[in-house]
Amino acid sequence: MNPLDIPILLSGSFGELRSNHFHAGLDIKTLGKEGLHVFAAANGYVSRIKVQQFGYGKAIYITHPNGYTTVYGHLSKFTDAIEQYVKSIQYKKENYATGNLYFKKDKFPIKKGEIIAYSGDTGGSGGPHLHYEIRNTATEHVINPLLFGLKVEDTKAPVFQALKVYALSSDARINQQRKSYQIPIKSIGKGKYTAGRITASALIGFGVSVFDRFNKAPNKNGIYSLEMLVNGKRFYYHDVETFSFAESKFLNLHIDYEHFKKYKRRYQKTHKATSNALSTYEDLINNGKINIQKNLNYAIEIIAKDFEGNLSSLKIPVAGKESNAIFTKQKDTTAYNVITKNFNKFTQQNVTVAFPKNTFYEDVYLDFNVDKEIAKIHTPTIPLDKSFTLTFNVSKYSEAEKQSLYIANVEYPKYPRYQYTRKKDSTFFITTKILGNYTLLSDTIKPTIKLLYLQDQQWISNAKTLKVKIADIDSGIKNYRATIDGEWILMQYNHKKRILTYNFSDKKLVGSKHIFKIVVSDNVGNTNELSATFFKKQIN
């Protein structure tokens with residue numbers, strides 16, 4: 001059943017293209033509000049709960065007797081019995097994050113339609129909504145929830161935005177050139193698109209930028225399936241009915257990753273890379289790569305469908321034409337030739353990069369240099385399968401200087417991003433899957449703390465919550481600890497607004513005079529604290 005008691009409107013579809021992964025569920029709109037009732041979709045029991053700062057935020061997992069598990073994420077709170085249990089764990093650990101809490105069948109049995117939680121905006125949410133998943137309990141594969149009878153009004157066909165054609169072999173030519181092209185397209189009617197005629201030879205492939213919309217919602221969502229026909233014969237098919245979390249990373253091979261990193265537009269390719277292990281492809285001929293022969297004409301048709309079967313078609317005429325142009329590939333003179341099946345390690349000045357076996361999907365010539373204290377490790381336009389290690393030798397710095405140093409990604413110099421920096425004597429290192437520019441930065445500034453709606457020595461008997469705003473301009477907030485009268489209190493952090501909130505209903509205060517104290521640390525250990533006295537009578 002619908003996990004909300006309002007009609008389903010979606011801001012995110014199943015299998016939608018996201019950063020480094022396919023979307024694993026449906027994002028259901030909640031009228032821009034928090035606190036809507038969330039209902040169990042079927043009989044079962046609460047098998048897992050997880051509360052974390054990012055990711056799904058507050059999430060509840062219900063296992064059902066038919067072999068499926070439903071997941072409900074970004075919740076504001078759970079129903080009373082579950083909420084009290086979770087808070088008891090948080091107070092016991094003195095930590096907002098609970099880790100995974102697993103339960104047996106008899107702990108929290110659930111009936112279909114029972115209220116289990118309230119919608120919210122916790123975790124890595126971009127606004128209030130309910131993230132809803134269905135998983136195969138045994139395999140943990142996620143499955144499109146629309147296959148289970150949920151209804152979303154949709155009469156709109158997908159929209160083709162753009163088309164690219166790729167030269168996939170050394171002798172391939174497109175319009176007499178050895179390069180990939182963006183090809184203009186135009187709409188010629190409802191759901192019908194066409195591209196201008198191109199000439200080509202040897203091995204080529206295509207990619208499309210395409211989205212879908214549901215009725216009554218402006219969001220650009222993902223499509224359900226993509227198909228390519230060559231002279232009426234299916235050469236390529238991909239859909240998003242089910243996939244595993246382990247294979248979701250291959251989205252970076254499914255799309256034109258380099259184009260996305262440069263221009264922020266995702267093209268879904270209709271040809272499969274050799275290293276792409278996605279299980280979502282069917283009926284591939286030559287992995288969707290088309291071998292164009294001289295003097296032959298080809299009718300290429302790319303078809304995008306949504307779950308309801310609304311479809312759009314893009315037709316591309318291709319003429320086989322041999323090119324007489326001679327192109328000489330410029331020889332790569334870099335010393336850093338990464339053989340992907342080998343362990344690769346390189347050092348320049350005070351910087352070392354180490355790539356485990358199969359970090360890259362294919363062999364690559366790597367740009368690596370250190371200039372003015374910035375380590376350039378190629379460009380972030382190549383997807384990686386594994387993390388590599390980046391190490392800085394910091395022996396020239398004093399112990400005091402080392403304390404404030406951290407490694408930052410400075411691909412965008414105005415907005416350096418702290419990287420989790422591990423420190424060991426004279427070396428600092430990080431592990432990451434992102435190529436680009438990195439350097440050492442220093443943070444000597446304490447975090448800032450500001451009380452909201454409260455002044456020292458104030459009476460706040462009617463207040464239901466206590467709020468604090470915290471921020472750090474350099475390395476970022478690492479942790480915080482708050483107490484009232486010396487006892488730890490649970491403060492929920494909204495990292496988007498940088499506000500911590502304590503609910504006075506958590507604990508019964510003794511007396512009327514109370515001391516609130518909070519200590520906040522950043523990622524290099526700069527610490528700030530604030531204390532305030534407030535007066536509050538217990539209201540029963």
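This is a predicted model: local features need pLDDT of at least 70, side-chain atom pairs count only at pLDDT 80 or more; totals for chains, interfaces and linings use all residues.
Residues are numbered from 1 along each chain as its sequence is written, and side-chain values use heavy atoms, with hydrogens and water left out.

Thr70 sits in strand E8, which covers residues 68-78 (strands, E, of at least two residues, and helices, H or I, of at least four, are DSSP runs numbered from the N terminus). Thr70 is buried, at a relative accessible area of 3%; buried here means under 20%, with a 1.4 Å probe and protein chains only. Beyond its neighbours within four places in sequence, Thr70 touches Ala41, Ile60, Tyr61, Ile62, His64, Tyr132, Glu133 and Ile134, a contact being heavy atoms within 4.5 Å. Take Tyr132: 62 residues separate it from Thr70 in sequence, yet their C-alpha atoms lie 7.2 Å apart. With His64, the link is a side chain to side chain polar contact of 2.7 Å (a pair of N or O atoms within 3.5 Å; within protein, one must be able to donate a hydrogen and the other to accept it, and residues adjacent in sequence count only if both atoms are side-chain atoms).

Ser209, in strand E19 (residues 198-211), is buried too, with a relative accessible area of 2%. Leaving out neighbours within four places in sequence, Ser209 has contacts with Val159, Phe160, Gln161, Ala162, Arg265, Arg266 and Tyr267.

Next comes the sheet. It is open and antiparallel, with 5 strands in the order E32-E33-E39-E35-E36. Strands E32 (368-371) and E36 (417-418) are the edges, each pairing on one side only; pairing takes at least two DSSP bridges between two strands. E36 joins strand E35 (residues 405-409) through 2 antiparallel bridges, and Asn409 has Arg417 of E36 as its bridge partner.

Finally, the second largest pocket has a volume of about 850 Å³. A pocket is an open set of points on a 1 Å grid over the protein atoms alone, where a 1.4 Å probe fits, with protein on both sides within 12 Å along at least five of seven lines; lining residues have an atom within 4 Å of a point. Of the 33 lining residues, Lys58, Ser76, Gln492, Thr501 and Asn503 are the closest to the centre of this pocket. Elements giving two or more residues to the lining include E8 and helix H1 (80-93).

Key
Buried means under 20% relative accessible area, exposed over 50%, partly exposed in between (1.4 Å probe, protein chains only). Grid points are joined across faces, edges and corners, and a volume is the space filled by probe spheres set on the points.
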